[in-house]
Amino acid sequence: MEDPAITDPGLAAALGRLRATAAAIATERVEAQIPPLLCALEDAGIDAIVLKGPVTRLRLYAPDELRSVADVDLLVRARDHRRARTAMTTLGYRRIVTGIHSDVLRGPSGDVDLHLALPFTTVPLAQAFTNLSDRTGHLALDGQDIPVLDVPTHVVHLALHAAQNRFTPDHRSFEEWRRGFASLHEADRSHAAETARCLGVGPVWKTSIAALEPGADLTHLASTLPRRRPPPTARGIVAFARSPLAPRLRLRAVRALVHAQVSDTLVDAWRAERGLAPVPRETLALTRAKVERFGVIAAERTRAWPSRR
């Protein structure tokens with residue numbers, strides 16, 4: 001990243017090296033969470049697979065090429081998801097965000113995205129995890145072997161991640177999807193297509209491939225993707241409830257929407273009683289994010305109080 005305010009080439013190069021070093025240190029700190037996390041989950045009898053971050057860095061980037069890792073992504077069986085969160089509390093992690101196919105937990109060394117499924121999955125989640133666990137291998141990370149998806153299945157996940165971010169060209173997920181697909185041989189592409197079919201994401205896989213074509217209309221392709229969240233209308237929720245998305249993912253998506261809608265309605269009612277104008281929905285969403293962040297900070301400070309006594 002270049003700073004336009006710095007005109008001296010030597011200073012700009014030094015600043016770039018400093019930023020790269022800082023990013024590498026941060027990545028090392030985040031990835032250091034992986035072995036103890038896997039041990040804690042194994043002790044609890046939970047199988048876990050490491051996704052994205054370090055796997056993408058080691059497979060698709062040159063050794064001297066920077067690829068920062070902001071968090072750790074782990075996949076567990078849907079039925080083990082709650083137990084996995086409990087096991088991680090022994091290492092100081094707590095949930096800060098509840099998502100559709102994953103929850104974010106924050107710990108002493110960074111965040112962990114704990115997945116119960118990959119985006120857009122339509123088959124039952126138990127079947128999806130079995131299909132994925134049959135397509136795993138191991139990758140050496142700092143001298144330790146960690147369980148990861150095999151190369152074609154990893155690339156399927158990159159395709160789903162790019163689709164999740166709506167094929168935004170300047171988003172890293174799209175470039176990594178491009179790299180991943182280019183790295184596959186013809187046999188591996190057939191393997192990847194079969195994996196996508198087994199997860200029920202075949203249409204998303206085909207759309208992701210179309211997005212790589214020169215001159216592709218990415219906005220249009222993104223608009224054809226299956227919904228991952230219901231629209232905020234009763235009719236939209238009913239239609240979404242009948243969508244092919246895996247039932248548990250539909251439930252989590254609807255629950256998140258209802259929670260947001262109820263909280264927004266309560267705010268509107270409170271303001272109406274006092275003769276105040278309604279708040280725009282975008283502002284309410286931003287406020288919810290701020291309140292959630294405040295709650296996380298307050299919890300951190302509360303835990304630190306005993307150490308100050």
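**Notes on the predicted model**

1. In the protein, 63% of the contacts with a separation of 6 or more are between residues 24 or more positions apart; contact means heavy atoms within 4.5 Å.

2. The model is predicted, so local features need pLDDT of at least 70 and side-chain atom pairs count only at pLDDT 80 or more, while totals for chains, interfaces and linings use all residues. Residues are numbered from 1 along each chain as its sequence is written, and side-chain values use heavy atoms, with hydrogens and water left out.

3. The protein has 13 helices and seven strands. These are DSSP runs numbered from the N terminus, with helices (H or I) of at least four residues and strands (E) of at least two.

4. Of the 309 residues, 41% count as buried. Buried means under 20% relative accessible area, exposed over 50%, and partly exposed in between, with a 1.4 Å probe and protein chains only.

5. Helix H4 spans residues 81–89, and His81, Ala84, Arg85, Ala87 and Met88 are buried there. They lie on the same side of H4 because they cover an arc of only 160° around the axis, taken from the directions from the helix axis to the C-beta atoms.

6. Arginine 227 belongs to the loop between helix H10 (218–223) and helix H11 (234–241). Arginine 227 is exposed, its relative accessible area being 51%. Neighbours within four places in sequence aside, arginine 227 is in contact with Phe240 and Leu245.

7. Between arginine 227 and glutamine 164 there are 63 residues in sequence, and 9.9 Å in space from C-alpha to C-alpha.
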